[in-house]
Amino acid sequence: MAVSGSFIVPKQSLCPRIKYPGPSYSTRKLFYLRASHGSSSSDGGVENKLIRKEKDGWKIDYSGEKPATPLLDSINYPVHMKNLSTQDLEQLAAELRADIVHTVSKTGGHLSSSLGVVELTVALHHVFNTPEDKIIWDVGHQAYPHKILTGRRSLMHTIRKTSGLAGFPKREESIHDAFGAGHSSTSISAGLGMAVARDLLEKKNHVISVIGDGAMTAGMAYEAMNNAGFLDTNMIIVLNDNKQVSLPTATLDGPANPVGALSSALTKIQASTEFRKLREAAKTITKQIGGQAHEVAAKVDEYARGMISASGSTLFEELGIYYIGPVDGHNVEDLVTIFERVKAAPAPGPVMIHIVTEKGKGYPPAEAAPDKMHGVVKFEPRTGKQFKPKAATLSYTQYFAEALIKEAEVDERIVGIHAAMGGGTGLNYFQKRFPERCFDVGIAEQHAVTFAAGLAAEGLKPFCAIYSSFLQRGYDQVAHDVDLQKLPVRFALDRAGLVGADGPTHCGAFDVTYMACLPNMIVMAPSDEAELMHMVATAVAIDDRPSCFRFPRGNGIGAVLPPNNKGTVLEIGKGRILTEGSRVAILGYGAIVQQCIEAANLLKTRDIAITVADARFCKPLDTDLIRQLVNEHEILITVEEGAIGGFGSHVSHFLSLSGLLDGSLKLRSMVLPDRYIDHGAPQDQIEEAGLSSKHISATVLSLLGKPKEALSFM
Ligand SMILES: Cc1ncc(C[n+]2csc(CCOP(=O)(O)OP(=O)(O)O)c2C)c(N)n1
């Protein structure tokens with residue numbers, strides 16, 4: 001094995017964000033020992049052979065044992081990879097892959113996208129120099145190998161856990177994370193901004209945006225490429241094409257064919273033998289040095305332009321982006337060669353390197369799994385069998401899907417729309433039952449909303465199922481295309497409120513605020529799964545204006561479901577009283593009503609009886625119910641799992657306008673705190689937010705003048 005060169009102490013260890021230990025002398029010693037002998041293990045014993053080189057490449061046994069990773073053990077930061085040979089880089093990729101499977105089998109998390117970019121990550125960090133060079137990972141769910149190679153390996157066991165590493169790149173977490181993500185399709189815009197900033201500031205660094213073919217389906221990516229081509233700024237876009245445009249859970253039968261015309265264009269490029277020949281030629285050229293190479297390259301380029309599409313150029317080239325590809329994204333040597341050539345080019349403008357990879361690559365259970373093991377809980381490494389906890393109830397998502405199917409069975413105008421999230425939104429069940437009436441539009445929330453508006457304008461009943469946080473991207477479309485025109489699009493907002501391990505990027509904090517300020521929107525939230533079914537029925541019935549209902553991540557509470565899972569239409573703008581007490585009334589909105597009921601039960605043990613009401617609607621507000629609560633109680637507390645400006649604001653606005661605040665009423669609004677809450681266990685998050693049943697009880701007690709008793713809950 002050819003490992004040479006001096007060991008450079010990384011200046012990254014001075015990272016101002018998180019301090020990671022730099023390599024110690026003993027690490028250095030190990031580095032040479034392992035690299036040169038390959039058979040010694042970290043404890044000095046005989047190395048296990050879980051990772052070994054065979055004739056046709058590196059092989060990994062996923063036995064569940066911790067694999068020996070001598071080369072990876074010597075890499076704390078990318079600077080330690082600079083002198084590695086191609087063979088070393090291939091070994092490093094194999095060790096990295098084995099390490100990821102081993103770690104994620106114990107933590108859960110995003111697995112297959114990370115496995116697909118192992119070689120890419122190794123090649124990028126070998127050729128480019130972060131943090132000066134900027135690597136921007138789109139979505140960021142594939143950044144585990146990047147985290148491992150940039151000083152965070154020893155913390156990988158904490159990923160997505162409370163106070164642990166985030167599941168996505170995060171600027172606060174590492175100086176090597178050039179841009180935070182979680183939502184897709186932002187990398188080219190952010191990269192272009194960084195490249196333009198570099199030029200204005202007269203710096204010399206490189207900018208590389210890595211974007212998947214799924215993330216490439218969003219309009220934002222094209223807006224960015226259009227601008228990049230126009231500005232002709234030097235930057236690299238790596239298009240990671242793995243034929244998984246939507247999440248592989250799009251249908252119950254496994255990954256669907258990739259949606260969208262872009263995908264078939266990419267497939268055509270790959271299928272073309274002419275193009276493969278071209279790629280081989282390009283590879284040879286990139287290995288040449290000297291003037292002649294340019295001439296040949298120019299010819300190849302001309303040829304490429306002529307053959308990709310009938311119009312004489314690729315879409316990317318039409319946009320002014322120099323296209324290279326398709327390249328085998330698992331071939332480290334090719335990747336390194338191409339990156340080095342592009343890096344050395346003095347002014348290439350925006351360059352797209354189209355690589356082809358396999359999601360879950362190198363881990364047979366992921367390669368074979370219908371969902372590709374995209375997001376996993378803990379699993380058995382040998383078989384990939386996940387330890388899914390058994391639950392007595394289904395997820396809210398599934399109850400939603402079940403209720404929608406029941407409605408659609410009797411109303412053929414109902415159609416479902418989702419943005420690459422068939423599994424996440426439960427519309428994969430709907431798709432199975434009504435394949436003709438379900439539309440996966442790709443990661444294109446803005447389009448999903450206006451597409452639904454078009455369907456509604458022609459008399460269909462569209463249910464647009466989008467996570468609360470992802471709908472933020474389609475907000476102008478909700479306001480301008482749907483609400484302003486009073487079109488009856490129904491928005492099913494999944495993942496409302498705190499979302500646990502996914503963290504602040506996916507937290508549904510803002511939907512009540514942004515939906516309830518729209519004049520025509522009916523805004524609802526169920527307090528349990530049976531209520532959710534009623535709200536689906538209610539949304540079907542609301543056919544003269546838009547409506548929405550939000551529901552949380554997680555499972556139902558075991559509520560008695562309506563007969564045949566078909567809900568009944570609720571009276572618009574009417575809430576209900578759940579328990580009756582005196583002095584204090586709690587008015588909850590959404591699933592948090594369950595915490596309110598729990599608080600009432602806790603207080604009952606102290607002989608305090610309070611009223612709990614379920615608002616059901618934020619818009620229109622049940623003003624009769626609010627008046628009644630105010631007239632019959634001294635204290636009114638509203639509770640919601642959403643940001644400031646939501647349900648509580650609507651209630652206090654009504655109270656102030658109607659003069660009900662002019663007397664002795666004590667009013668409190670309990671909402672999510674005015675800050676982003678990090679990823680972690682759901683219970684930790686709700687505690688941090690101050691919205692647990694204990695917090696609600698303590699608020700009641702302190703308003704009743706019992707501060708000491710209140711403290712006993714904290
Ligand atoms: C705006 C937005 N919508 C939806 C998602 C959910 N999501 C996460 S990954 C993913 C698929 C991404 O596909 P691709 O970019 O090809 O990456 P791959 O998982 O195939 O590696 C989707 C739809 C998201 N992160 N952001």
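Predicted model: local features only at pLDDT ≥ 70, side-chain atom pairs only at ≥ 80, totals over all residues.
Biologist: Is arginine 160 buried or exposed?

Modeller: The cut-off for a buried residue is a relative accessible area under 20%. Arginine 160 has 16%, so it is buried. Arginine 583 has a positive phi of about 65 degrees, although it is not a glycine. Its place is in strand β19 (residues 583-589), and its relative accessibility of 39% makes arginine 583 partly exposed.

Biologist: Let us turn to the peptide bonds. Which residues does a cis peptide bond join, with omega of about 10 degrees?

Modeller: That bond joins threonine 130 and proline 131. Proline 131 belongs to the loop between α5 (118-127) and β4 (134-137).

Biologist: And where is proline 620 found?

Modeller: Proline 620 is in the loop between β21 (617-619) and α24 (623-632). A cis peptide bond links it to lysine 619, with omega of about -5 degrees.

Biologist: I should now like to read the ligand site. How many residues surround the ligand, and which are the closest?

Modeller: The ligand is surrounded by 22 residues, of which the closest are His141, Gly182, Gly214, Lys359 and Glu445. Sorted by class, this shell holds 8 nonpolar, 10 polar and 4 charged residues. Domain 1 (51-281 + 313-364) and domain 2 (396-565) each supply at least three residues to the shell.

Biologist: Which polar side-chain atoms lie by oxygen atoms of the ligand?

Modeller: One belongs to histidine 141, at 2.7 Å from an oxygen atom of the ligand. For the side chain of aspartate 213, an N or O atom is 3.0 Å from a ligand oxygen. For asparagine 242, the corresponding distance between a side-chain N or O atom and a ligand oxygen is 2.9 Å. As to cover, the ligand on its own has 580 Å² of accessible area, and the protein covers 96% of it.

Biologist: How should the length of helix α22 be checked?

Modeller: One compares an expected span with the distance between the end C-alpha atoms. Helix α22 (residues 529-541) has 13 residues and, at 1.5 Å a residue, should span 18 Å; its end C-alpha atoms are 19 Å apart, which agrees.

Biologist: What caps the N-terminal end of α22?

Modeller: Aspartate 528 does, with a side-chain oxygen 3.0 Å from the backbone nitrogen of alanine 530.

Biologist: How many residues of α22 are buried?

Modeller: Of its 13 residues, 12 are buried, so α22 is largely enclosed by the rest of the structure. Among them are Glu529, Glu531 and His534, as well as Leu532, Met533 and Val536.

Biologist: Finally, which contacts deserve a reading around methionine 421 and histidine 418?

Modeller: A polar atom of the histidine 418 side chain lies 2.9 Å from the backbone nitrogen of methionine 421. Histidine 418 is found in strand β12 and, at 2% relative accessibility, counts as buried. Methionine 421 is in the loop between β12 (414-418) and α16 (422-425); its relative accessible area is 13%, so methionine 421 is buried as well. From methionine 421 to valine 441 there are 20 residues in sequence and 9.4 Å in space, C-alpha to C-alpha.

Biologist: With which side chain does serine 468 make a polar contact?

Modeller: The partner is the side chain of aspartate 511, at 2.8 Å. Serine 468 lies in helix α19 (residues 468-471) and is buried, with a relative accessible area of 0%.

Biologist: And where does cysteine 438 lie?

Modeller: Cysteine 438 is in strand β13 (residues 438-440), and its relative accessible area of 9% makes it buried. Phenylalanine 463 is 25 residues from cysteine 438 in sequence and 9.6 Å away in space, C-alpha to C-alpha.

Key
Residues numbered from 1 in each chain as written. Heavy atoms only, no water. Near = heavy atom within 4 Å. Polar contact = N/O pair within 3.5 Å; in protein donor to acceptor, adjacent residues only side chain to side chain. Areas by Shrake-Rupley, 256 points an atom, 1.4 Å probe, with all protein chains shown as cover. Nonpolar A, V, L, I, M, F, W, Y, C, P; charged D, E, K, R; others polar. Domains from an automatic or database assignment. Helix = DSSP H or I, 4+ residues; strand = E, 2+ residues; numbered from the N terminus. Expected span 1.5 Å × (residues − 1). Buried < 20%, exposed > 50% of the residue type's maximum accessible area, 1.4 Å probe, protein only.
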